[in-house]
Amino acid sequence: MTTARAHAGRPSTSATAATAGGDADARATLAVFVSGGGSNMRAIDAACESGAVRGRVGVVVTNAADCGGAEWARARGIPVLIYPRKKGTTDGLTAEELVESLTREHGADFVLLAGYLRLIPPELCRAYENRMVNIHPALLPSFGGKGMHGENVHKAVVASGVRYTGPTIHFVNEEFDKGKIIAQSVVPVLDDDDYKAVAARVLEQEHLLFPRVVAAMCDDRVRFRPDGVPYIVDSD
Ligand code: GRF
């Protein structure tokens, strides 16, 4: 297997190396960042289990050691890293340690931000350029940026009067919610919707869209237009 990193000129890691060695079943190692329940991570894991995604959740990173996503990972023997380090303590990793651990110790091919609510350090953006994606629960570039996370997004969507919303998956760069958009899904905002109804409808689509994008990354089906905008080519 080759991966999207080939387009970004990144060095080989485990998945590509395995292909060079002739292992057609090589699976990409996924590092998933969570701060909450981790339902997107579980959807991705289920797609790995079914074979729809040629990857495996190899390591989980969280700022909230006791969140549902972290508990889920520990119960499956998936290593959980804490980031960022808590001020004045040695609990959790520094940015340099995080990059070192993901690249060397865990051999992560891709980083998936699945409801992670803290800033991503520039070191990680550089190490995983075009290999790190985030899911945002609205149609970027609308309803993104500072403070736009969780229910705030869906409240703003309903208050604005827009009739359509839906998840966006984008590459992560050093500017919050500004990386190149890879894929979106559209869902209607109905006349009698409250923000909870909108959130539920969007989350349902997140669970379909995220595995689809991760599958494309693992299969090397992410391409770039001449202006740098990424897109997915369908599998045969
Ligand atoms: C999702 O709505 C995601 O778009 C947002 O945070 C939520 C995470 O949900 N960034 P879960 O932890 O995957 O259940």
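This is a predicted model: local features need pLDDT of at least 70, side-chain atom pairs count only at pLDDT 80 or more; totals for chains, interfaces and linings use all residues.

Reader: Why is Ala200 called partly exposed?

Author: Its relative accessibility is 46%. Buried means under 20% and exposed means over 50%, with partly exposed in between, so Ala200 at 46% counts as partly exposed.

Reader: And how far is Ala200 from His154?

Author: Their C-alpha atoms are 9.8 Å apart, while 46 residues separate Ala200 and His154 along the chain.

Reader: What makes the set around Leu30, Leu112 and Phe210 a nonpolar core?

Author: A nonpolar core takes buried residues of types such as Leu and Phe, joined through side-chain atoms within 4.5 Å. The largest such core here has 35 residues, and Leu30, Leu112 and Phe210 have the most contacts inside it. H8 gives the largest share of this core, eight residues. Apart from it lies another core of 22 residues, Leu98, Val99, Leu102 and Val172 among them.

Reader: Which residues is Phe210 in contact with, leaving aside neighbours within four places in sequence?

Author: Phe210 is in contact with Asn40, Ile44, Leu112, Leu113, Ala114, Val133, Ile135 and Ile169. Contact means heavy atoms within 4.5 Å.

Reader: What about the whole protein: how many helices and strands are there?

Author: Eight helices and 11 strands. Of its 236 residues, 47% count as buried. As for contacts with a separation of 6 or more, 63% come from residues 24 or more positions apart.

Notes. Residues are numbered from 1 along each chain as its sequence is written. Side-chain values use heavy atoms; hydrogens and water are left out. Buried means under 20% relative accessible area, exposed over 50%, partly exposed in between (1.4 Å probe, protein chains only). Helices (H or I, at least four residues) and strands (E, at least two) are DSSP runs, numbered from the N terminus.
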